[in-house]
Amino acid sequence: MRRPQPALLFCLLVPALGACRDSVGPAAPDPIVLAATVSETGRFSELGSEVARGYRLGVEMLNEMGGLFGLAGREVRLILRDDASDAQTSADIYAEYVSTDTIDALLGPYSSPITEAVVTVAEASGIPLVAPMAAAPGIWTGQNRQWSVQMLNAGPTYLQGSVELAAQHGARTAALVYEDSQFAASVAEGVREAVRTSGMTLLLDRPYAANGADHEALAAAARDAAADLFIGGGYYDDAVAFTRALSAANYTPLLVSLSLGPAETGFAEELGDLARCVAGNAAWVPTIRTSGYIASSAEFVRRYETAHGALPSYYAAGGFGAVELLAEAIDAAAPAGGDIDGAAVRDYLFSTATSTVLGPFAAYALGDGQAGAQKALKGLQVQWQDDGAGGLTRRIIHPAAVADAEPCFWR
């Protein structure tokens, strides 16, 4: 429990001072404090800033509704610091957070490598953490997590739908290139499995160093192998660079699918017509109907667009949804007006099945071999297609149950 403020403490110790009672009045309840780092500078700044926008909007709307209802309408305060896209910097900041007695719960940073470093801190501290932007399964599988839960679908599922679509439309061979990092390697693992299941042949399977890809050489190698499907990648910058490299190499596979990048509105803005028919993973898009503890997806999109003049990405939806999930857990686990029981919040996160703006949420239970890992959310495959007016628009092409377009192909 937090210590009373000095003025209030003096009046509690000297109750005879009636004037003191009159001047101080009833004390406002302490705010509930959520803390996180985000990559607002550095390699992940474009997507990390989107997560931060989601966090801020979630807390803003929550406070407009009166704060956390079960805790007598207590205000929610958000502390965000820039980790400069660096795992050690992020871990150091979280260590500072948990060393105080002022943080009630933690929100995760952007990316799997940074989240992995932060989860170690959260687990040691015994403070609940919701990680909305980490897909690498190794962060949870076999780790006996007890305080940290995942919101994204696992990396191996990211591009499996694209392999299935390519096979259904005649692809027989594939070229897989991927960043040599935990997240991208997990995506590659899922691609290999889907290629085997679809009866395709993997002609090229090549990792590249983080921040060290020779995109032109990799595109040329895939072209020379004559692969029908070009798939993989790493983060946003790689997706842009590979799309340009494919054009420069005069390589036109049947389908191109890249793990991160094509889901972003900025992808088509940056590449123009080169983005046509490029596909990729998205956990959420603005046209999907979802709802959570604070808002429906339609209300979230409206508020985000009003604030930022653009549609939100799934990174922003993840940040917003993480605030929803923690708010729901705190309200459910804490008595009205009482202190927050971190263990009860943790138990709720590991045992509930619910939904947020990002989509369905359920984690593997405490004691399970994948404890804390997301098991309910399924990813989408999106693709940039003609909008009928000379531009491009993002469409959902997989799974069939929610698809709003058939896939387009380069040949």
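So, helix H9 (residues 236–248) lies across S6, S7, S8, strand S9 (255–258) and strand S10 (278–282), and H9 runs at about 160° to S9. A word on terms as I go: contact here means heavy atoms within 4.5 Å. Axes are lines fitted to C-alpha atoms, for helices over the stretch in contact, with angles from 0 to 180 degrees between N-to-C directions. Helices (H or I, at least four residues) and strands (E, at least two) are DSSP runs numbered from the N terminus.

Before I go on, this is a predicted model, where local features need pLDDT of at least 70 and side-chain atom pairs count only at pLDDT 80 or more, while totals for chains, interfaces and linings use all residues. Residues are numbered from 1 along each chain as its sequence is written, and side-chain values use heavy atoms, with hydrogens and water left out.

Okay, the sheet itself. What is the strand order in the open sheet? It goes S7-S6-S8-S9-S10-S13-S14, 7 strands with mixed pairing; two strands pair if DSSP finds at least two bridges between them. As a reminder, strands of a sheet pair through backbone hydrogen bonds, either parallel or antiparallel. At the edges you've got strand S7 (201–208) and strand S14 (392–398), each with a single partner strand, so one side of each has no neighbour in the sheet. From one strand to the next, the twist averages 25°.

Strand S13 (residues 380–386) pairs with S14 in the antiparallel sense, over 6 bridges, and Gln-381 stands opposite His-398 in S14. Keep an eye on His-398, as the peptide bond from His-398 to Pro-399 is cis, with omega near 0°. Pro-399 itself sits in the segment after S14.

Which strands does H8 touch? Strand S6 (173–179), S7 and strand S8 (229–233), and the direction of H8 makes about 170° with that of S7. His-215, Leu-218, Ala-219, Ala-220 and Ala-222 of H8 are buried, where buried means under 20% relative accessible area, exposed over 50%, and partly exposed in between (1.4 Å probe, protein chains only). Those buried residues pack against S6, S7, S8 and H9.

The crossing of H8 and H9 is right-handed, meaning the near helix is turned clockwise from the far one by less than a right angle, with anticlockwise being left-handed. On the H8 side, the contact uses His-215, Glu-216, Leu-218 and Ala-219; on the H9 side, Asp-238, Ala-241, Phe-242, Ala-245 and Leu-246. By class that's 6 nonpolar, 1 polar and 2 charged residues, counting Ala, Val, Leu, Ile, Met, Phe, Trp, Tyr, Cys and Pro as nonpolar, Asp, Glu, Lys and Arg as charged, and the others, Gly among them, as polar.

Past H9, in the loop between H9 and S9, there's Asn-250. Asn-250 isn't a glycine, yet has a positive phi of about 55°. Buried or exposed? Asn-250 counts as exposed, at 65% relative accessibility.

Let me jump to another helix pair, H4 and H5. The axes of helix H4 (residues 87–98) and H5 come within 8 Å and cross at roughly 25°, which makes H4 roughly parallel to H5. This crossing is right-handed. From H4 you have Ala-87, Ser-90, Ala-91, Tyr-94, Ala-95 and Val-98, and they meet Pro-113, Ile-114, Ala-117, Val-118, Val-121 and Ser-125 in H5. The class count for the H4 and H5 contact is 10 nonpolar, 2 polar and no charged residues.

Also in helix H5 (residues 112–125) is Thr-115, which is buried at a relative accessible area of 0%. Leaving out residues up to four places away in sequence, Thr-115 touches Pro-109, Ala-131, Met-133, Ala-134 and Ile-139.

Last stop, Asn-144, in the loop between strand S4 (129–131) and strand S5 (148–150). Asn-144 also has a positive phi of about 55° without being a glycine, and at 46% relative accessibility Asn-144 counts as partly exposed.

Notes: Parallel < 35°, antiparallel > 145°, perpendicular 65-115°, else oblique.
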